There are 2 protein chains.
Amino acid sequence: MEEIKMRRSVRNYLDNAVEEEKIIQLLESGRLAPSGSNTQPWRFIVVKSKESKEKLAEVSNQQKWMVSAPVFIVCVADIRSRIKEEVAIEVDENSAEEEVKQIIRDTSIAITQMMLEAVNLGLATCWVAWFTQKEIRPILHIPADKYVVGILTLGYAAENPAARPRKPLEEIVRYERW
Amino acid sequence: MEEIKMRRSVRNYLDNAVEEEKIIQLLESGRLAPSGSNTQPWRFIVVKSKESKEKLAEVSNQQKWMVSAPVFIVCVADIRSRIKEEVAIEVDENSAEEEVKQIIRDTSIAITQMMLEAVNLGLATCWVAWFTQKEIRPILHIPADKYVVGILTLGYAAENPAARPRKPLEEIVRYERW
């Protein structure tokens with residue numbers, strides 16, 4: 001609960017690099033996530049190159065603040081974890097297949113575990129998803145049968161934003177039926 | 001990390017009821033989740049009635065073990081958090097709209113936070129998603145513009161399953177590009 005309460009979306013980072021062992025522990029917390037039929041669709045690309053970070057920020061609606069994060073973890077869902085036939089598949093924001101929903105769900109579990117583990121490690125993140133598959137995939141040579149669920153910017157926080165408001169429990173909880 | 005490592009999908013529960021204050025703290029951990037543009041699409045239905053639990057287990061491919069859990073938290077994603085126009089919308093496994101992917105993603109964040117908080121509270125869960133929208137929604141009178149992302153069975157564990165295998169980091173992590 002401590003990590004959940006403390007977590008903020010941080011959009012300004014210190015110059016300090018992130019220790020390799022912390023990056024590994026973070027990836028490990030994603031690796032251990034549960035998934036439907038244990039299919040583990042998540043793939044993570046660790047990006048530190050300034051050039052790639054700038055391109056990724058550019059296609060994320062020019063969110064230039066992103067580049068201040070020393071590390072991006074680009075979180076990709078692989079449809080091949082569920083569709084084994086060797087047929088061409090392209091997935092994007094308008095795909096109708098149930099499998100696309102399943103891999104987005106399961107990859108979101110892994111990203112959430114990393115996001116919370118980052119707090120535990122004294123690090124900060126922001127989950128960015130304001131981009132299109134068409135624009136983001138070519139930057140990192142990601143094939144068309146993979147879906148980028150989010151970029152987790154990662155680093156030491158240079159800001160401490162206040163908690164954003166949430167709907168009260170009464171608005172989101174019902175008992176026994178809708 | 002402790003909660004992440006300790007978490008198991010538990011399919012056999014003790015008869016003990018779950019304390020009300022623990023259920024509230026669990027819902028609270030879901031309520032605090034981040035979401036795209038802070039849209040908070042998650043809605044939770046707390047179900048304890050034996051009759052409803054039996055029906056929900058029935059449409060979940062007859063997973064009779066589910067009924068041993070004293071509480072189900074039925075986790076629903078509301079498309080109205082993103083589509084404000086008062087037009088009829090029906091969502092299901094084959095919906096193509098990007099908004100359906102977004103609300104599944106964001107509700108999965110909230111469910112993951114509850115799943116991990118349950119471990120912190122000494123409780124166990126299993127995230128069940130083996131049902132169809134068409135069969136599950138009528139049981140709890142859930143309207144057709146909501147998407148049931150999962151049922152979290154909740155209770156005190158009557159089993160302690162071994163950790164299931166995961167792909168090694170080398171298989172799921174890449175550096176700088178795909």
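I count two strands as paired if DSSP finds at least two bridges between them. The model I am working from is predicted.

**Entry 1: pairing across the chains**

I looked up F44(A) first. Its bridge partner is V173(B), in β5(B). I then checked the strands around this bridge. β1(A) and β5(B), residues 173-175 of chain B, are joined by three bridges. The sense of this pairing is parallel.

**Entry 2: the A–B contact**

I turned to the contact between the chains. On chain A, 55 residues are in contact with 55 residues of chain B. Which elements of chain A each supply at least two residues to the side that touches chain B? I noted α1 (2-6), α2 (20-31), β1 (42-47), α4 (98-120), α6 (169-172) and β5 (173-175). α4(A) gives the most, with 11 residues. I also sorted this side of chain A by residue class: 25 nonpolar, 15 polar and 15 charged.

**Entry 3: β4 of chain B**

Next I looked up β4(B), residues 146-155. Is this strand buried or exposed? I found 10 of its 10 residues buried, so the strand is largely enclosed by the rest of the structure.

I then traced its pairings. β2(B), residues 71-78, runs antiparallel to β4(B), with eight bridges between them. β3(B), residues 124-128, is also antiparallel to β4(B), and five bridges join the two.

L152(B) is the bridge partner of I73(B). L152(B) is also the bridge partner of W127(B).

Notes:
Residues numbered from 1 in each chain as written. Chains lettered and ligands numbered in written order. Predicted model: local features only at pLDDT ≥ 70, side-chain atom pairs only at ≥ 80, totals over all residues. Contact = placed C-beta atoms within 7 Å. Helix = DSSP H or I, 4+ residues; strand = E, 2+ residues; numbered from the N terminus. Nonpolar A, V, L, I, M, F, W, Y, C, P; charged D, E, K, R; others polar. Buried ≥ 20, exposed ≤ 12 C-beta atoms within 10 Å, placed from the backbone.
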